[in-house]
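Okay, everyone, thanks for coming. Let me put the structure up on the screen, and then we'll walk through it together.

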Amino acid sequence: GEPELGELLDGRLLQPLREAGDFGVQLRETLDAWLSADCRIAETSLALGLHQNTVRHRLERYATLVDVDLE
């Protein structure tokens, strides 16, 4: 119902991932899995087959890239 808001959010939170190439794809997959797992690292780790520290690292890189606090 708010296309302008959607465009702003996309530009702010997702465009940097597209610009980051393959690593941006990994970050997006990790972010999607983390959100689907209700922001639980252990479940995200299992879903992606990654070590929990890898998930944490990717989420930290995303947060730095888009300048957000995921807490």
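Asp-32 has a relative accessible area of 35%, so it counts as partly exposed. And keep in mind that this is a predicted model.

What does Asp-32 pair with? It forms a salt bridge with Arg-28, and the closest N and O atoms are 3.3 Å apart. Arg-28 comes out as partly exposed too, because its relative accessibility is 34%. Both residues belong to helix α2, and they're 4 residues apart, which means about one helical turn between them.

How many salt bridges does a search of the whole structure find? It finds 4. Let me take you through some others. Arg-18 and Asp-10 meet through their side chains, at 2.5 Å from N to O. Arg-18 is partly exposed at 44% relative accessible area, and Asp-10 is partly exposed as well, at 27%.

Then there's Asp-38 with Arg-40, a salt bridge at 3.3 Å, N to O. Here Asp-38 is exposed, with a relative accessible area of 53%, while Arg-40 is partly exposed at 39%.

Okay, on to helix α3, which covers residues 41-48. Which residues of α3 are buried? They're Ile-41, Thr-44 and Ser-45. Looking down the axis of α3, the buried residues fall within an arc of 100°, so they line one face of the helix.

Let me zoom in on Ser-45, which sits in α3. Its relative accessible area is 8%, and we call a residue buried under 20%, so Ser-45 is buried. What does Ser-45 touch, leaving aside neighbours within four places in sequence? Its contacts are Leu-50, His-51, Gln-52 and Val-55. And just after α3 there's Gly-49, with a positive phi of about 70°.

Quick stop at Val-25, over in helix α2. With a relative accessibility of 45%, Val-25 counts as partly exposed. Val-25 and Thr-44 are 19 residues apart along the chain, and their C-alpha atoms are separated by 16 Å.

Last up is helix α1, residues 3-19. Where is the kink in α1? Look at Leu-13: there's a bend of about 40° there, shortly before the proline Pro-16. After α1 comes Gly-21, and its phi is positive as well, near 65°.

Leu-5, Leu-8 and Leu-9 make a nonpolar surface patch of about 310 Å². Leu-5 is in α1, and it counts as partly exposed because its relative accessibility is 47%.

Notes
Residues numbered from 1 in each chain as written. Predicted model: local features only at pLDDT ≥ 70, side-chain atom pairs only at ≥ 80, totals over all residues. Heavy atoms only, no water. Bend = angle between axes of the 7 residues up to and from the residue. Helix = DSSP H or I, 4+ residues; strand = E, 2+ residues; numbered from the N terminus. Patch = residues over 30% accessible without salt bridge, like charges linked within 9 Å, V, L, I, M, F, W, Y side chains within 5 Å. Areas by Shrake-Rupley, 256 points an atom, 1.4 Å probe, with all protein chains shown as cover. Buried < 20%, exposed > 50% of the residue type's maximum accessible area, 1.4 Å probe, protein only. Arc of directions from axis to C-beta. Contact = heavy atoms within 4.5 Å.
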